[in-house]
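Here is my note for you, written as numbered points. Keep the viewer open and click along as you read.

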Amino acid sequence: MFDKQHTIKAPVTVSGVGLHTGVQATMTFCPAPVNHGYKFQRVDLEGQPTVDADVDNVVDLSRGTTIEQNGARVNTVEHTLAALVGLQIDNVLIQLDGPEPPIMDGSSLPFIEALEVVGLEEQNALRNYFEIPDSVHFVDHARGVEIAALPLNDYRVTVMVDYNSPVLGSQHASLNNITQFTEEIAASRTFCFLHELEMLYKSNLIRGGDLSNAIVVVDRAVSEEELGELATMLGKPKVAVKKEGILNNVDLRHKNEPARHKLLDLIGDLALVGRPLKGQILAARPGHAANVAFAKKIKKKMMEVDSSPVPRYDPSQPPVMDVNQISQTLPHRYPFLLIDKIIHLDQTTVTGVKNVTMNEEFFNGHFPGNPIMPGVLQIEAMAQTGGILVLNTVPDPENYLTLFLGIENCRFRKKVIPGDTIIFKCTLLAPVKRGIAKMKGQAFVNGKVVMEAEMSAAIVRKDA
């Protein structure tokens, strides 16, 4: 999985008809800045309003996921979003001149192929993963749906579908690594059962449906008369049933293509949480309604974790930066490098860890026999943590220093002693301007604040 955020190197365009609206549309993927995320823009509407790809903007789940914001609506976004997640692209503006992305062949592969033509561009910011902290479950007993997310330092998805159909039976599909999405999942096409087809058409859905962009599963005997009616409905001279039970002799790309497509849909719908995920997703009989309900539960958990003042620290997880990587950014060395690892870093917040041991040099003279970490060194350790955050805002941090300008509202709440693990959290109070940064810092031991302060620093070149 990527450590840094990515966008695309240049705009790229695809065109086609929308599955449910039947409206011809052109969709252009455009590069976007750091922390932009996924946004759709309806360029055909007055003011060209944008719609954030956010689960809170979901307004309809009729055979697809529809989002709406700022008076603009975008239908069937899941295949487009799945392609972006599968390529680990973080920031894209998706301009659309119609109500729905083109269905193309019913999969995400045409979008993947178009995006790969222009290529990806790494950006100078870390990906803001949401790591599932503990199990999250969703159950719909009426539909027999169950979805769970479990902690994992990776993104893996397993889907089981069972339609009580003699044609499909029970199917499973798994994605063990997101880098396998293009090869294993992207080409899997949307599908429906024959008994659903007429109902969908009468409900004014699948107006852009065609036997070239959807698999129709025939799970019962069909008369020649009914096949003739289907041909008329689909605008075809003739339709037939292949022995496997697929309408019009469409060849499956995988024996379990329906299960793989359900996995594709799930990945696309979960993109609506707004951040790349780390966790193991297990889903039985998922659908768009369940996917979105589950995405809302994940987002709620994400908001709870983000709003907690105490940073979450799992020492079994690899850090964002270890001490060697910290040394490449900060000029400090033993015995004055006071941070052991960085466990979180984005554009506004950093979290660092300091393991306090009896072997620290300062314990030789600071309260011998009753060792307490000096408050000024706690401040220094927090400043070094904040320095990582500030230097992350410049393109070549190894060529810069951060120099203290001021400390305000400093308070020491509890003493820090050998054996303690200090978690430092620093947050920018305002965007960095003219090389001046101001941040709020807090230090935690065992979930309790032991020290806090507001700090100002200047970014200066090393040769200045």
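1. On a 1 Å grid over the protein atoms alone, a cavity is a set of points where a 1.4 Å probe fits but cannot get out; a pocket is an open set with protein on both sides within 12 Å along at least five of seven lines, and lining residues have an atom within 4 Å of a point. Grid points are joined across faces, edges and corners, and a volume is the space filled by probe spheres set on the points.

2. A word on ground rules. This is a predicted model, where local features need pLDDT of at least 70 and side-chain atom pairs count only at pLDDT 80 or more, while totals for chains, interfaces and linings use all residues. Residues are numbered from 1 along each chain as its sequence is written, and side-chain values use heavy atoms, leaving out hydrogens and water.

3. Now the overall picture. The protein has nine helices and 24 strands; helices (H or I, at least four residues) and strands (E, at least two) are DSSP runs, numbered from the N terminus. Its C-alpha atoms fill a box of roughly 95 × 45 × 35 Å along the principal axes. Of the 464 residues, 52% are buried, where buried means under 20% relative accessible area, exposed over 50%, and partly exposed in between (1.4 Å probe, protein chains only). Contact means heavy atoms within 4.5 Å. Among contacts between residues at least 6 apart in sequence, 71% join residues at least 24 apart.

4. The largest pocket has about 1,600 Å³ of space. That pocket is lined by 47 residues, with Glu131, Val320, Ile343, His344 and Leu345 nearest its centre. Among the elements giving two or more residues to this lining are strand S10 (120-126), helix H8 (323-329) and strand S19 (341-345).

5. Take a look at helix H1 (residues 78-86). Nine of its nine residues are buried, including Glu78, His79 and Thr80. After H1 comes Gln88, which has a positive phi near 60°.

6. Next, the record. UniProt, in an unreviewed entry, places the feature "active site" at His288 and His366. UniProt positions are given in the numbering used here, feature names are shortened, and annotations may be inferred rather than shown by experiment.

7. His288 is in helix H7 (residues 288-307) and is buried at 11% relative accessibility. Beyond its neighbours within four places in sequence, His288 contacts Leu61, Arg63, Gly64, Thr65, Glu78, Asp265 and Asp269. Its side chain makes a polar contact with the side chain of Asp269 at 2.8 Å. A polar contact is a pair of N or O atoms within 3.5 Å; within protein, one must be able to donate a hydrogen and the other to accept it, and residues adjacent in sequence count only if both atoms are side-chain atoms.

8. Which side chain does Thr65 meet in a polar contact? Asp269 again, at 2.7 Å. Thr65 lies in the loop between strand S6 (58-60) and strand S7 (66-69), and its relative accessibility of 0% makes it buried.

9. His366 sits in the loop between strand S20 (349-355) and helix H9 (375-391). Is His366 buried or partly exposed? With a relative accessible area of 24%, His366 is partly exposed. Leaving out residues up to four places away, His366 touches Pro371, Ile372, Met373 and Pro374. Phe363 lies in the loop between S20 and H9 too, but Phe363 is buried at 4%. Among the contacts of Phe363 are Pro371, Ile372 and Met373.

10. Last, the cysteines. The structure holds zero disulfides, a disulfide being a pair of cysteine sulfur atoms within 2.5 Å. Cys410 is partly exposed at 25%, whereas Cys30 is buried at 11%.
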